[in-house]
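Please read the following explanation with the structure open beside it.

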Amino acid sequence: MSEMRQHESRTATFGSRSEDRKEELGEGGRAVPVGVSMLVRNRMTKDPVTVTGDDLMIQARLKMQKGGFRRVPVVKDGQLVGIITDRDLREHAGYLDQTAVKAAMSEKPVTVTPATTVETAARLMLKRKIGGLPVVEEGRLVGIITSSDILQAFLDVTGALEETTKRIDFLMEGEAGGLAEAARIVAQEGGEVLSVGTYRKTWGETPVCYLRLRSGDAEAIAKSLGQKGFDVLGVHAFGA
């Protein structure tokens, strides 16, 4: 079983405050919260900086340095034909003003579409050991998504970017309704759940569950969970 299949997790985000509830249209025209939709189209950089195959490598380096990029798509008439990375620049150091991009670029790079899920893009990056993916639609380059965009998406969906949150970790022994019972205990203690999820290293292991709290006394909630039979592993504070 591959490393990616061994690690399994689930995350859900609960109710947000009214100022967080801006929405956009997702697949099928359904409204979804801005910043939470886990599709590449909502996370990619649109209309990215590009070079052509006839440009010199020195021009690619200047564009990468100016934008702080580690890769630049190569296009011809709007069609993606390759990609240049900082590794290519290093391999041709000393000859950048003499080498055409088309002589150094990687042809037929791995790509995704705007409708690809962020999780699928992340798995591709991990499997191929690459830090970014051009986004194409009907053969035309429409964007690029990088590992930083992926990280931002997962931090958003778990609520980890919110200031002063707390996370309670506990074991789930498989009893039906366990997460619902944990959420009920949080509500009884006056807490607000920002997100909840589970993760495990290998399939079949007892999952570790977490509750990320926006408000409430995390220590008191953890104590109540323990009194109800949950195996609480710890309470972790984030932010100021």
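In this predicted model, helix H5 passes helix H6 in a left-handed crossing. On the H5 side, the contact is made by Val118, Glu119, Ala121, Ala122 and Met125. On the H6 side, it is made by Ser147, Ile150, Ala153 and Phe154. The two helices pack at an angle of about 135°, and their axes are 10 Å apart. That angle makes H5 oblique to H6, because an angle counts as roughly antiparallel only when it is over 145 degrees and as roughly perpendicular only from 65 to 115.

H5 itself covers residues 118-128, and Val118, Ala121 and Met125 in it are buried. These residues cover an arc of only 60° around the helix axis, so they lie on the same side of H5. What do the buried residues of H5 pack against? Their neighbours are strand E8 (132-137), strand E9 (140-146) and helix H6 (147-158). The face of H5 turned away from the buried side carries Leu126 and Lys127, which are exposed. After H5 comes Lys129, whose phi is positive, near 55°.

Is Val112 buried or exposed? Its relative accessible area is 3%, and a residue counts as buried under 20%, so Val112 is buried. Leaving aside residues up to four places away in sequence, Val112 touches Val40, Ala121, Leu124, Leu133, Pro134, Val135, Val136 and Ile145. One of these, Ala121, is among the buried residues of H5. The C-alpha atoms of Val112 and Ile145 are separated by 8.9 Å, and the two residues are 33 residues apart along the chain.

Taking the contacts with a separation of 6 or more, 64% are accounted for by residues 24 or more positions apart. The protein has 240 residues, of which 38% count as buried. It contains 8 helices and 13 strands.

Two loops between strands each hold a residue with a positive phi. Glu138 is in the loop between E8 and E9. Its phi is near 55°, a positive value in a residue other than glycine. Glu138 has a relative accessible area of 79%, so it is exposed. Asp77 is in the loop between strand E5 (71-76) and strand E6 (79-85). Phi of Asp77 is near 55°, again positive in a residue other than glycine. With a relative accessible area of 66%, Asp77 is exposed.

Strand E10 (residues 166-171) runs antiparallel to strand E12 (residues 208-215), and 6 bridges join them. Within this pairing, Ile168 has Leu211 of E12 as its bridge partner. Which way does E10 pair with strand E13 (residues 231-237), parallel or antiparallel? That pairing is antiparallel and extends over 6 bridges. In it, Leu171 stands opposite Asp231 of E13. In a regular strand the side chains alternate between the two faces of the sheet.

Helix H7 has its buried residues at Gly178, Ala182, Ile185 and Val186. They cover an arc of only 100° around the axis, and therefore sit on the same side of H7. These buried residues pack against E10, strand E11 (192-200), E12 and helix H8. On the other side of H7, Ala180, Ala187 and Gln188 are exposed. H7 is followed by Gly190, whose phi is positive, near 80°.

H7 (residues 178-188) and H8 (residues 218-227) pack at an angle of about 135°, with axes 10 Å apart. That makes H7 oblique to H8. H7 passes H8 in a right-handed crossing, whereas the crossing of H5 and H6 is left-handed. Ala182, Ile185 and Val186 of H7 make the contact with Ile221, Ser224 and Leu225 of H8.

How values were computed
Residues numbered from 1 in each chain as written. Predicted model: local features only at pLDDT ≥ 70, side-chain atom pairs only at ≥ 80, totals over all residues. Heavy atoms only, no water. Buried < 20%, exposed > 50% of the residue type's maximum accessible area, 1.4 Å probe, protein only. Helix = DSSP H or I, 4+ residues; strand = E, 2+ residues; numbered from the N terminus. Arc of directions from axis to C-beta. Contact = heavy atoms within 4.5 Å. Pairing = 2+ DSSP bridges. Axes fitted to C-alpha atoms, helices over the stretch in contact; angles between N-to-C directions. Parallel < 35°, antiparallel > 145°, perpendicular 65-115°, else oblique. Left-handed = near helix turned anticlockwise from the far one by under 90°.
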